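Here is a friendly note to read beside the model. Please keep the 3D view open and find each part as we come to it.

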Amino acid sequence: MTKTLFTVADRQAWLAVLTHAPRAGLADKAMRFVAAHRFDWLREPETGLALVRARIANRGDRFNLGEVTVTRCIARVSVGEHTTAGVGHVLGRDEQRARWVAQFDALLQQPSLHAELQAEVITPLSAARAAVLAQEQARHAASRVSFFTLQSEATA
Amino acid sequence: MSLSLSNADLLASMPRGFADATHDAQAVFRNVLDALSRPGRLQTMQSSDGLQPPAPLSRGVTALLLTLLDTETSLHLDDSLASEAAWMYARFHTGVQQALLEQADFVATRAADAALDGLRLGSDEAPQQGVTLIVEAPSLATERHASLRLAGPGIEHEQRMGLCGLSLAFWQQRIAMQRLFPRGVDLLLVCGSQLIGVPRSTLITLENY
């Protein structure tokens with residue numbers, strides 16, 4: 001790489017957006033941006049188990065919560081003289097989704113495509129996810145119960 | 001999943017493994033099986049087009065490593081074959097663990113540097129813990145003047161083979177090891193896509209010396 005277009009945190013951010021994106025949204029974007037490129041599969045999609053560990057209320061010791069199915073793959077693409085590799089990890093066994101994530105990750109690292117993809121793919125997908133989350137939060141907030149304790153007169 | 005995001009450049013330049021991981025590995029495994037069940041007889045490994053060996057490993061050795069190694073095995077690469085690229089490749093494609101010579105399940109070396117000293121031979125209770133030595137040989141052709149005569153399981157009458165670039169001292173040591181059976185070392189000699197297996201059960205005698 002000649003210069004750094006993005007930091008590790010940037011890449012983590014767009015990978016998070018991609019893995020959380022709904023299938024339909026990814027499929028739509030993939031049709032527009034991915035189909036034109038030829039990918040070399042360094043690692044074909046493979047499905048396995050990952051152990052999820054947790055801590056209650058982010059305190060105390062970690063315990064094994066359970067195993068989740070994860071599908072992963074690695075795609076490599078060359079645009080001009082730049083070759084980049086993208087990784088795709090998704091929950092479940094949807095190989096096509098893992099492929100799309102890896103393909104977008106590889107393309108997003110390409111200097112010539114980064115800005116366009118960031119604006120056309122990541123921003124809308126991330127906005128859509130934020131909207132869904134906000135909606136969900138609003139729905140939950142309506143059922144929220146707050147407890148008030150009246151202060152006794154003596155201490156007031 | 002051990003590959004962190006900062007390894008992006010490394011991944012971009014990572015040489016490819018088998019084009020079709022399952023079937024290519026099965027085909028090479030079959031060749032290894034044939035080689036070990038017919039000691040001393042030349043086998044031709046099915047060449048996989050997509051395979052890109054990392055420097056300084058050869059295609060043949062790489063195909064064997066991709067076939068035989070997984071996360072539960074350990075490998076020692078001799079200094080002549082060890083490189084950062086080779087290790088990254090082996091770890092990425094197979095998940096193998098790096099081990100010292102004395103502890104490794106598999107050892108890969110060049111013929112000129114091959115030695116049997118310090119290799120794990122297994123025990124009488126657990127002979128399967130004996131090491132498999134993969135040797136990158138300059139040639140597997142049978143030499144006319146000097147050869148080894150092989151006998152034992154898998155050989156009906158007798159089988160001859162050349163020294164395959166290994167030193168006379170190496171073969172003498174291998175012969176001396178025969179009395180330790182079932183402890184011992186299984187040999188896989190590779191040159192290009194050719195393969196010869198010499199399991200520990202094979203009895204070797206030197207000829208014309």
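In which loop of chain B is the place of Pro56(B)? Pro56(B) sits in the loop between strand E1 (43-44) and H3 of chain B; we return to this residue in point 7.

1. **Before you start.** This is a predicted model, in which local features need pLDDT of at least 70, side-chain atom pairs count only at pLDDT 80 or more, and totals for chains, interfaces and linings use all residues. Residues are numbered from 1 along each chain as its sequence is written, while chains are lettered from A and ligands numbered from 1 in the order in which they are written.

2. **Chain A.** From the N terminus on, their order is α-α-β-β-β-α-α. The C-alpha trace spans about 80 × 35 × 30 Å along its principal axes. Chain A has a radius of gyration of 21 Å, whereas a compact globule of 156 residues would have one near 15 Å. That radius is taken over C-alpha atoms, and the globule rule is 2.2 Å times the number of residues to the power 0.38. Of the 156 residues in chain A, 27% are buried. A residue is buried if 20 or more other C-beta atoms, placed from the backbone, lie within 10 Å of its own, exposed if 12 or fewer, and partly exposed in between.

3. **Chain B.** Buried residues make up 36% of the 209 in chain B. Two residues are in contact if their C-beta atoms, placed from the backbone, lie within 7 Å. Among the contacts in chain B with a separation of 6 or more, 73% are between residues 24 or more positions apart; in chain A, 54% of the contacts between residues at least 6 apart join residues at least 24 apart.

4. **Where the chains touch.** The contact takes 12 residues from chain A and nine residues from chain B. On the chain A side, helix H1 (8-20) and strands E1 (39-54), E2 (63-79) and E3 (82-91) each supply at least two residues. By class, this side of chain A has five nonpolar, four polar and three charged residues. Ala, Val, Leu, Ile, Met, Phe, Trp, Tyr, Cys and Pro count as nonpolar, Asp, Glu, Lys and Arg as charged, and the others, Gly among them, as polar.

5. **Two crossing helices in chain B.** Helix H2 (residues 21-37) and H3(B) pack at an angle of about 100°, with their axes 9 Å apart. That makes H2(B) roughly perpendicular to H3(B) (the class for angles of 65 to 115 degrees). Ala25(B), Val28(B), Phe29(B) and Val32(B) in H2(B) meet Ala63(B), Leu64(B), Leu66(B) and Thr67(B) in H3(B). This contact has seven nonpolar, one polar and no charged residues. Leaving aside neighbours within four places in sequence, Leu64(B) also has Ile134(B), Leu188(B) and Val190(B) among its contacts.

6. **Helix H4 of chain B.** In H4(B) (residues 84-94), Ala86(B), Tyr89(B), Ala90(B), Phe92(B) and His93(B) are buried. They pack against helix H3 (59-68) and strand E2 (74-77) of chain B. After H4(B) comes Gly95(B), with a positive phi near 75°.

7. **Backbone details to check.** The peptide bond joining Ala55(B) and Pro56(B) is cis, with omega about 0°. Another cis bond runs from Phe181(B) to Pro182(B), with omega near 10°. Asn58(A) is not a glycine, yet its phi is positive, about 60°; Asn58(A) counts as exposed because it has 6 C-beta neighbours inside 10 Å. Cys164(B), also not a glycine, has a positive phi of about 55°, and Cys164(B) is buried, with 24 other C-beta atoms within 10 Å.

Notes: Helix = DSSP H or I, 4+ residues; strand = E, 2+ residues; numbered from the N terminus. Axes fitted to C-alpha atoms, helices over the stretch in contact; angles between N-to-C directions. Parallel < 35°, antiparallel > 145°, perpendicular 65-115°, else oblique.
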